[in-house]
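Please consult the sequence and the structure while reading.

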Amino acid sequence: MATTHLPTPPRLHHPSPSPAARLRATASLAHPLLPSRPRLAALHSHSPSPRHRRRRRAMSVRSSLIDPDGGALVELVASPDRLPALRAEADALPRVRLAPVDLQWAHVLAEGWASPLRGFMREAEYLQSLHFNCMRLPDGGLVNMSLPIVLAIGDAEKERIGDKPDVALEGPDGGVVAILRRVEIYPHNKEERIARTWGATAPGLPYVDEAIASAGNWLIGGDLEVLEPIKYNDGLDHYRLSPWQLRNEFDKRGADAVFAFQLRNPVHNGHALLMNDTRRRLLEMGYKNPILLLHPLGGFTKADDVPLPVRMEQHSKVLEDGVLDPETTIVSIFPSPMHYAGPTEVQWHAKARINAGANFYIVGRDPAGMGHPTEKRDLYNPDHGKKVLSMASGLEKLNILPFKVAAYDTVAKKMAFFDPSRSQDFLFISGTKMRTFAKNGENPPDGFMCPGGWKVLVDYYNSLQAEEVTPVPV
């Protein structure tokens, strides 16, 4: 695939450049995989000690494959010995309450997914992100930053803060989460933000309804210092590996290529076909130990998406049933909220995986897209996401892998790559159709999804129907 780029810093730490170059030029590749719960639990148990965390913060964190944006991985969680002093300091500061989505963004910032960003955006950073989809580094280079990461406040909060330089951020439960330092408050023009991020202002955009429409008319930015690692205590925290933990695991496994795939849906056999084919092609290009990062999005999603706990259980069954190989796969939750902002958002998804240590990113049809909220059509051209990724400023060091289209082959009775010469033999089963099958208790065609994974979905939708018919006590 031909690519066009603006000048940015030189490529750093790229393995076997000639295979990568050939792969990009011939790209027609696939999807990803994941490891079992015990494997992930083991990864979690190897988290570095506080002493090691403090030592790490003083050095540039890198993997052997690709440098983080800005050259060093940002970590914004305070060392444990500072905790008493930070709590005492926070008690004397004005407070801003974080909504659940704000807390997810604090998590993203704290672990360095948005490196080199060190906190909620001040106005100069916000304007660069909103208008250029990137930010200029002090050395003149560019990093991609296609989504504004901002914190909204209302008039009363702005009045309370006044001219104080620092504020305490409290979570939805009222506990102090972080301190935001050297703050800057500036107007929140919601209409402009929505129009530039989504390319639309139609009613019914899920993230807008959740996090922008009712938000305050001001944005507050500053440097973030998070008191403790953010946890959700939902039984899934062991899946939430930070960029540093992922990089460490890739190096420990001796990976010479990491191919990342984001998804917010259950894994079917078409996904597995694409993932396995991607690894096969990487091996053919000369890589010896390519590792798949299956990276389901774990933040806010729209109401009709399958919830994260159900998806994680389904992914686990896919591995148990042998559809994917846990030895060559790492599964981890990506903590970002979902915007459904199409080509604009897919740049953020790719950029965050650079910081996690992936040097290949798989992109398919209509990434981060959705149906138009008021019209019967896609909100975005389904091919624009992969085209934008191949040209986006600040993503030059990442190899973009468009994958081939997979569909259900009614003759072979399995998921296969679409053959246009016999298009009548293929059945495309959309996410909506898949959910309809599961809701109605119908089985999809044999070979569409592993039985264990399908049962997880059927059980989930059965539980919803049971809740709907259960009378509410008066």
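**Burial and the aromatic interior**

Of the 474 residues in the chain, 57% are buried (under 20% relative accessible area; exposed is over 50%, partly exposed in between; 1.4 Å probe, protein chains only). This is a predicted model, in which local features need pLDDT of at least 70 and side-chain atom pairs count only at pLDDT 80 or more, while totals for chains, interfaces and linings use all residues. Residues are numbered from 1 along each chain as its sequence is written, and side-chain values use heavy atoms, leaving out hydrogens and water.

**Aromatic pairs**
- The structure holds ten aromatic pairs (ring centres of Phe, Tyr or Trp, the latter by its six-membered ring, within 6.5 Å; planes under 30 degrees apart are stacked, over 60 edge-to-face, the rest tilted).
- Tryptophan 105 and tryptophan 348 form a tilted pair, 5.9 Å centre to centre with 55 degrees between the planes.
- Because tryptophan 105 lies in helix H5 and tryptophan 348 in helix H13 (residues 342–355), the pair ties together parts 243 residues apart in sequence.
- Tryptophan 105 is buried at 1% relative accessible area, and tryptophan 348 is buried at 0%.
- Trp105, Trp113, Phe334 and Trp348 form one aromatic cluster.

Conventions: Helices (H or I, at least four residues) and strands (E, at least two) are DSSP runs, numbered from the N terminus.
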